[in-house]
Amino acid sequence: MCLSLRAPVSLHSPISIHNPLSRRTRSSVRKDVGLLALRIGTGGVLFAHGAQKLFGWFGGHGVAGTGSAMEHMGFRPGRQSAIAAGLGEAGGGVLLALGLATPAAGAAAAGAMAGAVAVHAPAGFFAQSGGFEYPAFLGFVAAGLGLAGPGRFSVDHMTCHVLDRPWVVGLAFTGSAAAAAAVIGRRRAAARDETDASTE
């Protein structure tokens, strides 16, 4: 069952190009391959960004440099914020690529991207002007994968979807949304306090 990548076919119904079951199977495989490509591509990009924050790889600044930058952007404490963002991106990216705990992975990555969207939102939408286009796109794709599921070419499928249940979807996205809202809310409150202090 869970380890099989082939749909059950009756011995009395041979596969052929004229068999509706054959067409359905081919369509299903195409969707699964598409989900695999999306997972690997999106997961790889998210991992690279997270690794910049956590380890200083790919030209990143590591936890210390990222923490200082995040403190300046209003995410306090900066070091813990950098670790949380890095784990959400790198951890969520690896899990998405593997198709493991896909709802939690997508929710974690989407939550991390929500924080990035909040930073870039004042510059508008388009990336060329410093806007939130890029993190929003990554967040929506990660969320979409978490909601749609990983497909058959995934660790979740091989483990009978024990970490890909409907209750996992609800819990993961509710928790991620609440955490992102709290972090963004604290950042806005800190910005207001700084503005009030500077006008006194």
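This is a predicted model: local features need pLDDT of at least 70, side-chain atom pairs count only at pLDDT 80 or more; totals for chains, interfaces and linings use all residues.
pLDDT is the predictor's confidence in each residue, on a scale from 0 to 100.

Figure 1. Averaged over the protein chain, pLDDT comes out at 90, and 88% of the residues score at least 70. Among the pieces of the chain, helix α6 (residues 155–158) does best at 98, while helix α7 (residues 166–199) has the lowest confidence, with a mean of 90. Then there's the stretch over residues 4–13, where pLDDT is below 50; beyond near neighbours in sequence, this stretch makes eleven contacts in the model.

**Figure 2. Helix α3 packed against helix α4.** Here α3 (residues 78–98) and α4 (residues 102–120) meet at an angle of about 145°, and their axes sit 8 Å apart. The crossing is left-handed. On the α3 side, the contact comes from Ala85, Gly88, Glu89, Gly92, Leu95 and Leu96; α4 answers with Thr102, Ala105, Gly106, Ala108, Ala109, Ala112 and Met113. Sort the residues of this contact by class and you get eight nonpolar, four polar and one charged.

**Figure 3. A look into the largest pocket.** The volume of this pocket is about 950 Å³. Its lining takes in 43 residues, with Lys53, Met70, Ala85, Ala112 and Ala116 lying nearest the centre. Two of those names, Ala85 and Ala112, also turn up in the contact between α3 and α4.

Figure 4. By class, the lining of the largest pocket splits into 22 nonpolar, 16 polar and five charged residues.

How values were computed:
Residues are numbered from 1 along each chain as its sequence is written. Side-chain values use heavy atoms; hydrogens and water are left out. Axes are lines fitted to C-alpha atoms, for helices over the stretch in contact, and angles run from 0 to 180 degrees between N-to-C directions. Helices (H or I, at least four residues) and strands (E, at least two) are DSSP runs, numbered from the N terminus. A crossing is left-handed if the near helix is turned anticlockwise from the far one by less than a right angle, and right-handed if clockwise. Contact means heavy atoms within 4.5 Å. Ala, Val, Leu, Ile, Met, Phe, Trp, Tyr, Cys and Pro count as nonpolar, Asp, Glu, Lys and Arg as charged, and the others, Gly among them, as polar. On a 1 Å grid over the protein atoms alone, a cavity is a set of points where a 1.4 Å probe fits but cannot get out, and a pocket is an open set with protein on both sides within 12 Å along at least five of seven lines; lining residues have an atom within 4 Å of a point. Grid points are joined across faces, edges and corners, and a volume is the space filled by probe spheres set on the points.
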